[in-house]
Amino acid sequence: MLKLFSRWRHDFHSHNRPQILRHLTKSHFEDDPPFSPILKPQNQKNKKLKEDASNKKPQNKFPVKSNLPFDFRYSYSETNPSLEPIGYRETPKFSPFGPDRLDRKWTGTVAPLQQAPDMAKVEEERNAVLGNPLSEEEVSELVERYRHSDCSRQINLGKGGVTHNMIDDIQNHWKKAEAVRIKCLGVPTLDMDNVCFHLEEKSGGKIIYRQINILLLYRGRNYDPKNRPVVPLMLWKPYPPIYPKLIKNVADGLTFEETKELRNRGLNSPPLMKLTRNGVYANVVEKVREAFEVEQVVKLCCAHVGMSDSKRIAVKLRDLVPCVPILYKDEQIILWSGNKATENTLNDLKR
């Protein structure tokens, strides 16, 4: 009997022990003051500091108003404002600045100014920020400080050219540095004059050093970071619109047979240059012009460059040389000198 009783007592306590402990913890710890949880008093100073910080936080006010005296585009150096698109890949209602975040209306390619600016006043304000011209010693000191490849104040300029958000990046660098090193690669290097023009016009700075594809952009003597212009950021890259076809089936001023003969002649000729992806194309325009003094058709090898970049290169050369792209095939661009040499070309073909 004793063994049975002890065994029953052991089983009872082992099964009911968690319930008994739970009951004891609730009753004793809640009712007994020594075991009640102690609440830490809140520090009133920290509470006041948090409230002041929350009140001092700048509230985002939309739409953003910017006094920049130019139309907003995704790329300023790689787009032609005079060329109108024939279609859009996305509806113009979707502004890359975000819904109701800008006081300008997005048209699909540009956010135009609402009022025409006073260019004389704009030029006067810019000259006031630039101040007196730098001396040769000051220029050499800035160049020696920022021209090296290990400079921390560097912005890479790629195939997009001078983009809208790049202006804000330049202003951010100018907070702690007098100049910014800009390294240019890809299609924009075909026309470095255009890149320098848009950098100076859109940022308000001054190019003080230029070596092939390396630029130094100076902010000015009287630049104040607290009074920097408001640059609303693009939240995403807009889809490029649809433009007219670059290469026509029949070149202007020629028949179909003559165009075909020129294309075959270009394909069978050796390439003038071999272009690489994201390379420096600063001397391509001059070499194409020199080649057109001897030949009527020139071939450029664009292996590993990509179709989009090759078309951009052809458009740039068409306007800069000038010339007529007549074929893009097998990563090769065939360029024709144009209508001026039509008679000589036809005579050569007849012979």
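Predicted model: local features only at pLDDT ≥ 70, side-chain atom pairs only at ≥ 80, totals over all residues.

1. Thr259 belongs to helix α7, residues 256–268 (helices are DSSP runs of H or I with at least four residues, strands are runs of E with at least two, and both are numbered from the N terminus). Thr259 has a relative accessible area of 1% and is therefore buried (under 20%; exposed is over 50% and partly exposed in between, with a 1.4 Å probe and protein chains only). Leaving aside residues up to four places away in sequence, Thr259 touches Asn249, Val250, Ala251 and Leu254, a contact being heavy atoms within 4.5 Å.

2. Five aromatic pairs are counted, the rule being that rings of Phe, Tyr and Trp (its six-membered ring) have centres within 6.5 Å, with planes under 30 degrees apart stacked, over 60 edge-to-face and the rest tilted. Phe70 and Phe72 make an edge-to-face pair, because their ring planes stand at 70°, with the centres 5.9 Å apart. Phe70 is buried at 9% relative accessibility, and Phe72 is buried at 0%.

3. Trp174 and Tyr223 are also paired edge-to-face, at 5.5 Å centre to centre and 70° between the planes. This pair joins distant parts of the chain, 49 residues apart, with Trp174 in the loop between α5 (164–173) and β2 (179–184) and Tyr223 in the loop between β4 (214–218) and α7. Both Trp174 and Tyr223 are buried.

4. One aromatic cluster is made up of Phe70, Phe72, Tyr76, Phe97 and Trp106. Arg104 lies over the face of Phe72 at 3.8 Å from the ring centre, and Lys202 over the face of Phe70 at 5.4 Å (NZ of Lys or CZ of Arg within 6 Å of the ring centre and within 35 degrees of the ring normal).

5. The mean pLDDT, the predictor's confidence in each residue from 0 to 100, is 84 for the chain, and 79% of the residues score at least 70. Residues 23–31 have pLDDT below 50, and this stretch has seven contacts in the model beyond near neighbours in sequence.

6. Local features need pLDDT of at least 70 and side-chain atom pairs count only at pLDDT 80 or more, whereas totals for chains, interfaces and linings use all residues. Residues are numbered from 1 along each chain as its sequence is written, and side-chain values use heavy atoms, with hydrogens and water left out.
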